[in-house]
Amino acid sequence: MTTQNPVFLPGPTNIPDRLRRAMNTQTIDHRSPEFAEHFKHVLEQLKPIFGTDQGQPFIFPATGTGGWEIAITNTLSPGDKVLAGSYGAFSDKWIALCRQHGLNVEVVDRAWGEAVPADEFARILQDDTRQDIKAVLVTHNETATGVASDVSAVHQALEQADHPALLMVDGVSSIASMPFRMDDWGVDVAVTGSQKGLMPPPGLAVLAMSQRALQAYDQATCHRAYFDIRDMQQANEAGSMPYTVPTNLVYGLEESLQMLQEEGLQQVFARHATLAEGVRRAVWAWGLTLCAQGRQNYSDTVTAIEIPEGFDAGKLVAHARERYKVQFGGGLGNIAGKAFRIGHLGDVTAAMILTGLATIEMAMVDLDYPIQLGSGVAAAQEYYRQNIKG
Ligand SMILES: *Cc1c(COP(=O)(O)O)cnc(C)c1O
């Protein structure tokens, strides 16, 4: 008997049984021709996930945070100027990591709940006639607030200013769940991790780099050792890594890519969009508000929900976990205690989402939130009934 409920975390996400089985193998020599074939196949199959023909995918033993470090240390030098927006916990953490590597980050602050400040970036890039800015950072999907940003708007800002800065995008909670078009959006480095839309357990940083980013390596003097892409490129040509490969995670990723391909990427994106809208309908039926400002910025993978004054979101999440054994995301950083998050990405269906909504409703009513039991579930059911076609 299994008593494991699905998690509604915005990562790590639920692992499909099929994927778990694919990882359950006896030891394999990571230098064997047999493994090399799998690994090369996985690297190739990652291209459509990033929306790139021209870019080169990379897999490192790490998590998304390691991916940020790989992105900047292989392309930039200490003292380089970088332009970034601060609009949530993840965009802030990437900025902090850049500073630890000695980069000079120009930060544009926005309220949490807002998206990347593309307009302000456009103005700053226009004014940067000496082209001091070497890279622009975008957190595509701010997991703390449930805000999706328009990466192509930042690309346009760069084009209009005729600016050569590299465009680096954190797509950790969007890639493989929401449309991501690396080549069309002029993205130079795209970063994700294994444990979100891709669905394997945590442990891999997954990236793609444009030819321009790969060329920037030659001038980049940031410290790097384990995360050197040139060493990785050479080992990848032989179907391996410069060190022991986390082979079982690679098998998991291979299965995940196969599953995504079978469902069809467009269908995967449509599924996430439909499920997300049902969650939002539930939130509105409860009479609660989203952290995300503006319909065009709503994330399809995570919804951050503001709770009524006088309640503690941390207690709500703990109550759902302790009494009902269901895990939701808490509020992060500035909105800790004031918001909770429902992750709806990866291996999720409408039926699973409805159990999550029903559970958090029970938890809210248990704690005397002014909401009507069943109201959010009914709103989501109505939406799914009308929008899920067999
Ligand atoms: C999860 C996440 C990360 C990376 O976190 P790790 O814990 O290092 O995997 C980075 N950015 C965003 C937007 C995320 O959601």
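User: Which residues are linked with Glu277 in a network of salt bridges?
Analyst: Keep in mind that this is a predicted model, where local features need pLDDT of at least 70, side-chain atom pairs count only at pLDDT 80 or more, and totals for chains, interfaces and linings use all residues. Residues are numbered from 1 along each chain as its sequence is written, and side-chain values use heavy atoms, leaving out hydrogens and water. A salt bridge here means a side-chain nitrogen of Lys or Arg within 4 Å of a carboxyl oxygen of Asp or Glu. Linked with Glu277 in the network are Arg280, Arg281 and Arg295.

User: How many salt bridges does a search of the whole structure find?
Analyst: Side chains of opposite charge can pair when their charged atoms come close. Searching the whole structure for such salt bridges gives 19.

User: How many residues apart in sequence are the parts that Glu262 and Arg18 tie together?
Analyst: These two side chains meet in a salt bridge, 2.9 Å from N to O. Glu262 sits in helix 9 (residues 247-263) and Arg18 in helix 1 (residues 17-23), so the parts they tie together are apart in sequence by 244 residues. Helices are DSSP runs of H or I, at least four residues, numbered from the N terminus.

User: Is Arg323, the partner of Asp366, buried or exposed?
Analyst: Arg323 and Asp366 form a salt bridge, with their closest N and O atoms 3.6 Å apart. Buried means under 20% relative accessible area, exposed over 50%, and partly exposed in between (1.4 Å probe, protein chains only). Asp366 is partly exposed at 32%. Arg323 has a relative accessible area of 51%, so Arg323 is exposed.

Notes: Helix = DSSP H or I, 4+ residues; strand = E, 2+ residues; numbered from the N terminus.
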